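Hi,

Here is the structure I said I would pass on.

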Amino acid sequence: MRLGDVEFEDFVRTRGSALLRYGYVLTGNADDAADLVQEALLKLSGSWRRVRNKENPESYVRTIMTRQHISWWRSRRRERVTDDLPEGSYTDDHAFGELWKELAALPRRQRVVLVLRYYEDLPDNEIAEILGISRGTVRSQAFRGLNALRVNPSVLERGRA
């Protein structure tokens, strides 16, 4: 085995679960997240020699994943999304399960911007670079996404009852 292959395997072994979590946040589905990670790592394997010397190879993979996800949803725009969940779907045991459901209900671009900004803690200029949009668009998408997530007072009352 070559040194580069060992380094790549070590990278996948150590950062694979974090990449899978990131994929889940982007897609909202465990199966799609696994596919997204697999596609990104396949693309990364071809350029690992060049990327391994970079400051942060994980950021490079996340950029690949984000762009691949955008490419997927652009090609699926004509699909009709429903609220019905398939049998045997992934259930979120996290304490903020409702927040994840609300986040999944947002338009994809707003969801991606919010995930990159608040979950990945990236600045607006990096988000704009990753998504290939302007900083102003990042800010407007974040604003719209946050407005959609704001808690309705009637929801708070139901939670207290």
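**The cavity**

The largest cavity has a volume of about 40 Å³. A cavity here is a set of points on a 1 Å grid over the protein atoms alone where a 1.4 Å probe fits but cannot get out. The points are joined across faces, edges and corners, and the volume is the space filled by probe spheres set on them. Searching the whole structure gives one cavity of 30 Å³ or more.

Before going further, please keep in mind that this is a predicted model: local features need pLDDT of at least 70, side-chain atom pairs count only at pLDDT 80 or more, and totals for chains, interfaces and linings use all residues. Residues are numbered from 1 along each chain as its sequence is written, and side-chain values use heavy atoms, with hydrogens and water left out.

Which residues line the largest cavity? They are Ile70, Trp73, Arg74, Arg109, Val112 and Leu131, where lining means having an atom within 4 Å of a point. Four of the lining residues are nonpolar, none is polar and two are charged (Ala, Val, Leu, Ile, Met, Phe, Trp, Tyr, Cys and Pro count as nonpolar, Asp, Glu, Lys and Arg as charged, and the others, Gly among them, as polar). Helix H4 (57–75) and helix H6 (108–119) each supply at least two residues of this lining, and H4 gives the most, with three.

**The chain overall**

Of its 161 residues, 35% count as buried, meaning under 20% relative accessible area with a 1.4 Å probe, protein chains only. Among contacts (heavy atoms within 4.5 Å) between residues at least 6 apart in sequence, 64% join residues at least 24 apart.

In helix H7 (residues 124–131), the buried residues are Asp124, Ile127, Ala128, Ile130 and Leu131. They cover an arc of only 165° around the axis, so they sit on the same side of H7; the arc is that of the directions from the helix axis to the C-beta atoms. What covers them includes H4, H6 and H8. After H7 comes Gly132, with a positive phi near 70°.

Helix H8 (residues 135–149) has 15 residues and reaches 21 Å from its first C-alpha to its last, close to the 21 Å expected at 1.5 Å a residue (1.5 Å times one less than the number of residues). Its buried residues are Val138, Gln141, Ala142, Gly145 and Leu149. These cover an arc of only 100° around the axis, which puts them on the same side of H8.

Gln110 lies in helix H6 and is buried, at a relative accessible area of 10%. Not counting residues up to four places away in sequence, Gln110 touches Gln141, Arg144 and Gly145. Gln141, in helix H8, is buried as well, at 11% relative accessibility.

Pro57 is in helix H4 and counts as buried at 15% relative accessibility. Beyond its neighbours within four places in sequence, Pro57 is in contact with Phe11, Trp48 and Val51. Its C-alpha is separated by 9.3 Å from that of Leu44, 13 residues apart along the chain.

Cheers

Note on methods. 1 Å grid on protein atoms, 1.4 Å probe; cavity = no way out; pocket = protein on both sides within 12 Å on 5 of 7 lines; lining within 4 Å. Helix = DSSP H or I, 4+ residues; strand = E, 2+ residues; numbered from the N terminus. Buried < 20%, exposed > 50% of the residue type's maximum accessible area, 1.4 Å probe, protein only.
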